[in-house]
Amino acid sequence: MPHSKNDYKIRLYRSWRFYLVCAVLFALAGFHLVYNFYLLTDGGLSVLLFAKARSGDAAALPSDITRVAVWISFVLIQIELLYELVYTTLGLFGNRLYVREDDTRIYFAPRLISRVYKRDICKIEPVSVEDVSFWDRLSSLNFDKKHLYRFTFYDMELLISSQDEAGMEKLTADIAARCNRTEEEETGTDGSLGGAVQLLWRWDVNLSCWLAVHIGSFLLLIFA
């Protein structure tokens, strides 16, 4: 579908601290991914965690159940490492908000919203650092305290930062004219579903997975 001449792009702001974190995570994920596949081709996955089995000690050979468990763990680790590479690549080279006639595309790691219809954006407002908690900033990896905007969607919120004041004012006016309502305003509920949905977007869920994956990768490196 051809883009309208009214489409525009808003550059999102990230601090050098954010880029440093993304670069470190990208390097760790890339190293673990490559090294894990090296281990796979070097010795075979069935003996990855059993050094004695390589020396021919039959008693040290893993059982069928253990082999299956190791295989499953290995595959899950590779998937998570690929997932981390995607998000850190987005963090390093993304950070854009593309505005189209009926929808927006927001690329703002560690959260990725591939497409958001304007009818689901209820309000956009600039906020000062005094208006948001440290946890709210940290959950969006906003290490600096400037250029903050709160997006209120139908059932969740997102805090982003941008130095493009003209672009943000244009989008804010567009959304305000639509008079979209939140789930709580429309249904009178307390937004409990939105809270459950928002939990899936929280940085700590991703970070916990990443930490677990790197610990597992180090165990493969140590014991293989």
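Strand and helix names follow DSSP runs (helices are H or I with at least four residues, strands are E with at least two), numbered from the N terminus. This is a predicted model, where local features need pLDDT of at least 70 and side-chain atom pairs count only at pLDDT 80 or more, while totals for chains, interfaces and linings use all residues. Residues are numbered from 1 along each chain as its sequence is written, and side-chain values use heavy atoms, with hydrogens and water left out.

Now the sheet. S6 and S7 are paired in the antiparallel sense, over five bridges; pairing requires that DSSP finds at least two bridges between two strands. The sheet is open and has three strands, in the order S5-S6-S7, with antiparallel pairing. S5 and S7 are its edge strands, each pairing on one side only. On average, neighbouring strands are turned by 20° against each other, direction ignored. Axes here are lines fitted to C-alpha atoms, for helices over the stretch in contact, and angles between N-to-C directions run from 0 to 180 degrees. Helix H5 lies across S5 and S6 and runs at about 145° to S5.

Next, the core. Which residues have the most contacts inside the largest nonpolar core? They are Ile10, Leu97, Ile124, Phe151, Phe153, Ile160 and Leu171, in a core of 19 residues. A nonpolar core is a set of buried Ala, Val, Leu, Ile, Met, Phe, Trp, Tyr and Cys residues joined through side-chain atoms within 4.5 Å. Elements giving two or more residues to this core include strand S1 (8–11), strand S5 (121–127), strand S6 (148–153), strand S7 (157–161) and helix H5 (165–178). Leaving aside residues up to four places away in sequence, Phe151 touches, among others, Leu97, Ile124, Ile160, Met168 and Leu171; contact means heavy atoms within 4.5 Å.

Last, the rings. There are five aromatic pairs, counted when ring centres of Phe, Tyr or Trp (its six-membered ring) lie within 6.5 Å; planes under 30 degrees apart are stacked, over 60 edge-to-face, and the rest tilted. Phe31 and Tyr35 form a stacked pair, 5.8 Å centre to centre with 20° between the planes. Both lie in helix H1 (residues 16–43), four residues apart, about one turn of the helix. Phe31 is partly exposed at 43% relative accessible area, and Tyr35 is partly exposed at 26%; buried means under 20%, exposed over 50%, and partly exposed in between (1.4 Å probe, protein chains only).

Arg14 lies over the face of Phe18, 3.6 Å from the ring centre, and over the face of Phe108, at 3.8 Å. The rule asks for NZ of Lys or CZ of Arg within 6 Å of the ring centre and within 35 degrees of the ring normal.
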